[in-house]
Amino acid sequence: MLGKHRKLMPTGSERTVWGMGDGSMLPVIDTPYGRLGGLTCWENYMPLARFYLYASGVDIWVAPTLALGDGWVATMRHIALEGRCYVVGVNPCVHLDQIPAGFPDRDRVWRPHEDNGEWVDPGNSIIVDPTGTILAGPARHEETILTAEIDLSAVHAARRYFDPVGHYHRPDIFQLTVDTRSRPAVRTG
């Protein structure tokens, strides 16, 4: 295990089970492939959380989610452009026949989404480069593994033109404070 992350804000019905995470679980981890970090699901819509990870030097952004459609693909491309990093959006795909027939209330709980036939979750995995160009995916309606070659010099080159936490940041005007101390879990629902 490289690190751990608990969602800062559970989404929708997740609040009935999980509490909020805290700033201690926003790691950016050095790996032989670059600095790895990211957010989960709708946390990717939290601008200050994104900025904190950009300021922490993320090179490869990982975004697991269940989000559907082209809007999510646009979000992944936006993060790649905004952070000048590679983005790996990870979405599972689940076909209705993969849910056991004996699963309690199967037909009520697991319903295919409109326009996706028998796919309960059609997938939406994608890999994007620091210029917002899609390198692989989006993978939908199939179980597959996406791959792409990354070149960290592309991250550094893109940041020479626009660095959201470097020369294009105005620390004389904007400041972000992040409490990175661990907090006891708080139940939200």
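Is Asp70 buried or exposed? I looked this up and found Asp70 exposed, at 58% relative accessibility. For these words I keep to the cut-offs of under 20% relative accessible area for buried, over 50% for exposed and partly exposed in between, with a 1.4 Å probe and protein chains only.

**Ground rules**

I note that this is a predicted model, in which local features need pLDDT of at least 70 and side-chain atom pairs count only at pLDDT 80 or more, while totals for chains, interfaces and linings use all residues. Residues are numbered from 1 along each chain as its sequence is written, and side-chain values use heavy atoms, with hydrogens and water left out.

**Entry: helix H2**

I took helices (H or I, at least four residues) and strands (E, at least two) as DSSP runs, numbered from the N terminus. H2 covers residues 69-83, which makes 15 residues. From first C-alpha to last I get 22 Å, close to the 21 Å expected at 1.5 Å a residue; the expected span is 1.5 Å times one less than the number of residues.

I then listed the buried positions of H2: Trp72, Val73, Thr75, Met76, Ile79, Ala80 and Gly83. Looking down the axis of H2, I find these buried residues within an arc of 155°, so they line one face of the helix. The arc is taken from the directions from the helix axis to the C-beta atoms.

What do the buried residues of H2 pack against? I find helix H1 (47-55), strands E4 (60-64), E5 (86-90), E8 (125-128) and E9 (134-139), and helix H4 (152-161). Contact here means heavy atoms within 4.5 Å. H2 lies across E4, E5, E8 and E9 and runs at about 25° to E8. Axes are lines fitted to C-alpha atoms, for helices over the stretch in contact, and angles run from 0 to 180 degrees between N-to-C directions. Just after H2, I noted a positive phi of about 50° at Arg84.

**Entry: the sheet**

I traced an open sheet of 6 strands in the order E2-E3-E4-E5-E8-E9, with mixed pairing. Strands E2 (29-31) and E9 stand at the edges with a single partner strand each, so one side of each is left without a neighbour in the sheet. Neighbouring strands are turned by 20° against each other on average, direction ignored. I count two strands as paired if DSSP finds at least two bridges between them.

The pairings I checked are these:

- E3 (residues 34-37) and E4 run parallel and are joined by 2 bridges; the partner of Gly37 in E4 is Trp61.
- E5 and E8 pair in the antiparallel sense over 3 bridges, and Val87 stands opposite Val128 in E8.
- E8 and E9 run antiparallel, joined by 3 bridges; the partner of Ser125 in E9 is Ala139.

E8 and E9 form a hairpin with 5 residues between them, and Gly132 in the turn has a positive phi of about 90°.

Which residues of E8 are buried on each side? Ser125 and Ile127 are buried on one side, Ile126 and Val128 on the other, and both faces of E8 are covered. In a regular strand the side chains alternate between the two faces of the sheet.

**Entry: two single residues**

I looked up Gly137, which is found in strand E9 and is partly exposed, with a relative accessible area of 38%. Leaving aside neighbours within four places in sequence, Gly137 is in contact with Ser125, Ile126 and Leu146. The C-alpha atoms of Gly137 and Ser125 are separated by 6.2 Å, at 12 residues apart along the chain.

Val155 lies in helix H4 and counts as buried at 0% relative accessibility. Not counting residues up to four places away in sequence, I find Val155 touching Asp59, Arg84, Cys85, Tyr86 and Pro130.

**Entry: salt bridges**

How many salt bridges does the structure hold? I get 9, with a salt bridge set as a side-chain nitrogen of Lys or Arg within 4 Å of a carboxyl oxygen of Asp or Glu.

Asp70 and Arg140 meet in one of them (2.9 Å, N to O). Asp70 lies in H2 and Arg140 in the loop between E9 and H4, so the pair ties together parts that are 70 residues apart in sequence. Arg140 is partly exposed, at 27% relative accessible area.

Lys7 and Glu14 also meet (2.7 Å, N to O); Lys7 counts as buried at 14%, and Glu14 is partly exposed at 23%. I also noted Arg183 with Asp179 (2.1 Å, N to O). Asp179, Arg181 and Arg183 are linked in a network of salt bridges.
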